[in-house]
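Have the viewer open as you read.

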Amino acid sequence: MQPLIVDDVDHCVQAIIERVGKCLLVGTPLGIGKPNHLLNALYRRVAADPSLHLTLMTALSLQRPSGKNQLEQRFLGPFAERVFGDYPQLDYMQALHKGTLPANVVISEFYFKSGALLGNAHAQQHYTSSNYTHVVRDMMAAGVNVILQMVARREQHGQVSYSLSGNPDLTLDMHAPLREAQKRGRKIAIVGLVNNQLPFMYGDAEVAPEFFDLVVDNPVYAHQLFG
């Protein structure tokens, strides 16, 4: 079955909620595989609606440096603009660092950037101690029902295909168990957000459109990759 193609992240979030319900257990890849614009739209929606609940399971949420004081900001500002460009910050990470996550949002990471979240009670208490070889097992046991992935798109001879690019492992490994769980009644959504600044990688990273349930395809969501 072909995926639903939408051009707006908020419409995509609504479609996800209609598909899986109000309890969203979301898995997303580490590093540059994260669809930041879509994650931000999902976080904003849940933060504004107490009837929803979001648990996000992930690793290595990359944030552009900003500096802790005026001197650091003056030094880092031009550097960050040159190196990171329009890379969008992750709203949930900013709230996590400030201690302002709403009660209906849980961030459960299984890998931290060294020293980045020392003393952060939410991060430490919801940390998932999982070896990378056990991530799929642990996500399935937790009840993950949504996967969000940034992808590249190409069209050749009228045929569209997508690439999971440099972070294919989580989504590829989760795909079959989630489809099996779907047959047993779990409501799921596997979602891609197109960003053609990602390199289009081949082999197992290249997937057909029917791999996804939903795809957001709008060049307004393309952005520079993390430096």
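Let's start with charge: the protein chain carries 19 positive and 20 negative side chains, and the centres of those two sets sit 5 Å apart. Keep in mind that this is a predicted model.

**Overall size and fold**
- The protein chain has seven helices and nine strands.
- Its radius of gyration is 17 Å, which agrees with the value near 17 Å that a compact globule of 227 residues would have.
- Along the principal axes, the C-alpha atoms of the protein chain fill a box of roughly 55 × 40 × 35 Å.

**Burial, surface and contacts**
- Of the 227 residues in the protein chain, 50% count as buried.
- The accessible surface of the protein chain is about 11100 Å², and carbon and sulfur atoms account for 53% of that.
- If you take contacts in the protein chain between residues at least 6 apart in sequence, 76% of them join residues at least 24 apart.

**Helix 6 close up**
- Helix 6 covers residues 135–142, and its buried residues are V135, D138, M139 and M140.
- An α-helix has 3.6 residues a turn, so residues three or four places apart point the same way.
- What do the buried residues of helix 6 pack against? They pack against strand 2 (23–27), strand 3 (53–58) and helix 7 (169–183).

Methods:
Residues numbered from 1 in each chain as written. Predicted model: local features only at pLDDT ≥ 70, side-chain atom pairs only at ≥ 80, totals over all residues. Heavy atoms only, no water. Buried < 20%, exposed > 50% of the residue type's maximum accessible area, 1.4 Å probe, protein only. Helix = DSSP H or I, 4+ residues; strand = E, 2+ residues; numbered from the N terminus. Contact = heavy atoms within 4.5 Å. Rg over C-alpha atoms; globule rule 2.2 N^0.38 Å. Areas by Shrake-Rupley, 256 points an atom, 1.4 Å probe, with all protein chains shown as cover. Lys, Arg positive; Asp, Glu negative; His and termini not counted. Charge placed at Lys NZ, Arg CZ, Asp CG, Glu CD.
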